[in-house]
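Here are a few friendly notes to read alongside the model. Take them in order, with the structure open beside you.

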Amino acid sequence: SKSELQPSNLSPMGTIKAVLWSVPNKAGKYPIKVRITEKGKPRYIGTGHAVSRKEWNPKRHEVRSSVMNHAVINERIQSIILNAHQATNEMVRNKEVLTSRKVKEAAKGSLSEDLFAYAFAHIKNLEAKGKGRTAKRRRSCINKFQSFVQSKTLDFSEVDLELLKGYEIFMRRKGNKPNTINKDYVGLRFFFNMAIKEKKFPSEKNPFLQFDIPKKEKVFKEKLSVEELRDFFSVEPKKGSRQEDAHKVFKFAFYTGGLRIGDILMLKWKNIVKGRLIIQTEKTDDPKSTKLLEPALQAIVEYREDEAPEHFIFPFLSNHKDYSDPLYLEAQLESKTTQINRNLKQIAAKSEIQKTVTTHIARHSMADFLRKSGKSLYDISKILGHSNIAVTQTYLKSLDYETVDAALDALG
């Protein structure tokens, strides 16, 4: 309630109240702090929030209702003040000497885990392990939520049902599509599930238990038909050109069960053992052993003049550069993928394919080819490297628009 935000006596010490810091931050806003005063000597606890002077109600010691997320900010203030009171009462019961320093330390210690600090620590750990793509995806998710709450700190316990509902409104106003909204909620929920698993947050307080994440819209994944694949593979790019390298990458991706482009670019000759491709996939971190079919072997045969075990198979990453920095590696992979996709579009134009051909379409096309060939769901799931069959079912549904076409044709 609003009354709990009012200055409160901390007998025999003094008062506890929320105030604006006198010095603005780089954005020109004033940090909100909770001041604990003892015999005229103040100590401050930061709330992680900052507002302009106009947005602050000095009489009520709270953020005005015109501010986005005012309820979240005021709840944060209230939580710190309440924790300070509880710390004070505990010291009185234990007959400890009351000091503002002790109250500050106890109040800060009683707050729950900070969501953003927890998330960014996890992301840094991913980067240290070389999981650049996953780190980038999760950083994007948490950065967007942080821009919504407009705070550098936010306890897990402060994320409630109303805040999650407000986040959807925020994303829709930003023009985010349903699938993006779903992805960002799932990404945010990941951190709650992980914190609960690590006993850093009680499962019964998980706000996602009460919240229904907006569903994705059904989308059809682009793919090439058997005829289009035949036309695409029949194109003969100029020898030694980047277009020829891109053509070989696509062919290799198709005939190795839809291997992802990041994994392909990172392949080294040591990954080929007795006619099999043995790797640890970047996305799932699972070991994968794939029989190399003749078309896949033919795609790399001209690169075999340099078969040093630690050298890259495809000539996109340099054998003389240090890729130990995961952020640098990620940037290089993105740059090379863009270059490859640009060349694939040119090849598609030569074969008169009216589709935007990218490296990932090789994966879609391969999965659809297996589906039409009558391969079992289990087999396709294993080849694609999916975590479970349900994922594969959803994946294959997004490829099957011929069934809908056939049903409509029947109406004619």
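1. Strands E7 and E8 (residues 276-280) pair in the antiparallel sense over 2 bridges, and Val-273 stands opposite Arg-276 in E8. Two strands pair if DSSP finds at least two bridges between them; strands (E, at least two residues) and helices (H or I, at least four) are DSSP runs, numbered from the N terminus.

2. This is a predicted model: local features need pLDDT of at least 70, side-chain atom pairs count only at pLDDT 80 or more, and totals for chains, interfaces and linings use all residues. Residues are numbered from 1 along each chain as its sequence is written, and side-chain values use heavy atoms, leaving out hydrogens and water.

3. The open sheet has 3 strands in the order E7-E8-E9, with antiparallel pairing. Strand E7 (272-273) and strand E9 (287-291) each have a single partner strand, so one side of each is left without a neighbour in the sheet.

4. Now for the rings: the structure holds 26 aromatic pairs. Rings of Phe, Tyr and Trp (its six-membered ring) pair if their centres lie within 6.5 Å; planes under 30 degrees apart count as stacked, over 60 as edge-to-face and the rest as tilted. Phe-145 and Tyr-167 are edge-to-face because their planes stand at 80°, with centres 4.9 Å apart. This pair links helix H4 (residues 132-149) to helix H5 (residues 161-173).

5. Phe-145 is buried at 0% relative accessible area (buried means under 20%, exposed over 50%, partly exposed in between; 1.4 Å probe, protein chains only). Tyr-167 is also buried, at 0%.
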